[in-house]
Amino acid sequence: MEETPKPKLIIFDLDYTLWPFWVDRKVNVEPPFNRTPDGKVFDARSREIRSFPDIEHILKKLKNENFKLAIASEAFNKEEVRRLVTYFGWDIYFDHMEVYPGSKITHLLTIKKESGIDFPDMMFFDDERDHLSEVAHTCLGVTCIWANRGVSEEILEEGFKAFSTNHISNANNNNNNMLHSSTSSLNSNDSEESQSDTTVFYVHKRRGSRASITYDTPPVIDRAVRLRGRRMSAPALSIPKLDTKKLLACQEINEN
């Protein structure tokens, strides 16, 4: 019996993904933070702050099962964010911490370079569909999961199922010389796209930026996997694999 495919590296956003507040915009919390001798964490207004309920257990469990873990956060207040990660005791779990303003693409490229792990072996959790869209459309192969209510045991389980389903499908489709990339499920209103014979452009409305990806042939929307009617992991991009041409990797993306 074949072993169920699992990611080698799991990446988490922070705001509204691991904790129920937004540090930069001071939503539900206000830095600077401090920790008392008994381990409780408070903000500048002396309010006790906590992560989502399952997070400590999830991180400890994943680390004990030898998964590599990473943070990808575009926080401007990176010092306070890093301090909060330490105050929660999470710094012992994460192998990579990319905390600075900018595209999640940059975060994942850095994580890929430092870890030596390829995108198809990564799973990424975020509460913002724009972030999932830009990663899914550019860092081909990353399984993206929408944690719209924060990461929980249930969402983690669904993420593993989506990763496994995608990789099993990819293995089957390899017999037909096809390459698949699992992405977050987004409707046509989340991004605008136009495609030519060689290039696909995705215009992300949130930043107004444009990321271009060059293929030997344009990708085709192949399938959609709905997870319990709420969170989804798809559509997937199917790209014919040609022996005589090169598929350009994410490092060659140009963002204007």
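Author: Happy to. Let us take helix H4, whose buried residues are His-131, Leu-132, Ser-133, Glu-134, Val-135, Ala-136, His-137 and Thr-138. Buried here means under 20% relative accessible area, while exposed means over 50% and partly exposed lies in between, using a 1.4 Å probe and protein chains only. Because 8 of the 10 residues of H4 are buried, the helix is largely enclosed by the rest of the structure.

Before going on, a word on the model: it is predicted, so local features need pLDDT of at least 70 and side-chain atom pairs count only at pLDDT 80 or more, whereas totals for chains, interfaces and linings use all residues. Residues are numbered from 1 along each chain as its sequence is written, and side-chain values use heavy atoms, with hydrogens and water left out. Helices (H or I, at least four residues) and strands (E, at least two) are DSSP runs numbered from the N terminus.

Now to the helix that packs against H4. Helix H3 (residues 104-115) and helix H4 (residues 129-138) pack at an angle of about 50°, their axes 9 Å apart. Axes are lines fitted to C-alpha atoms, for helices over the stretch in contact, and angles run from 0 to 180 degrees between N-to-C directions. H3 is therefore oblique to H4; angles under 35 degrees count as roughly parallel, over 145 as roughly antiparallel, 65 to 115 as roughly perpendicular and the rest as oblique. The crossing of H3 and H4 is right-handed, the near helix being turned clockwise from the far one by less than a right angle.

Which residues meet there? From H3 come Lys-104, Ile-105 and Leu-108, and from H4 come His-131, Glu-134, Val-135 and Thr-138; contact means heavy atoms within 4.5 Å. By type, the contact of H3 with H4 holds 3 nonpolar, 2 polar and 2 charged residues. In this scheme Ala, Val, Leu, Ile, Met, Phe, Trp, Tyr, Cys and Pro are nonpolar, Asp, Glu, Lys and Arg are charged, and the others, Gly among them, are polar.

Thr-110 also sits in H3, and its 22% relative accessibility makes it partly exposed. Leaving aside neighbours within four places in sequence, Thr-110 is in contact with Glu-98 and Tyr-100. Ala-72 is 38 residues from Thr-110 in sequence, and the two are 9.8 Å apart in space, C-alpha to C-alpha.

Finally, the nonpolar cores, each a set of buried Ala, Val, Leu, Ile, Met, Phe, Trp, Tyr and Cys residues joined through side-chain atoms within 4.5 Å. In the largest, of 39 residues, Phe-12, Trp-19 and Trp-90 touch the most other members. Helix H5 (153-173) is among the elements giving two or more residues to this core, and the largest share, 5 residues, comes from H5. A second, separate core of 17 residues includes Leu-132 and Ala-136, along with Ala-70 and Phe-124. Leu-132 and Ala-136 are among the buried residues of H4, which brings us back to where we began.
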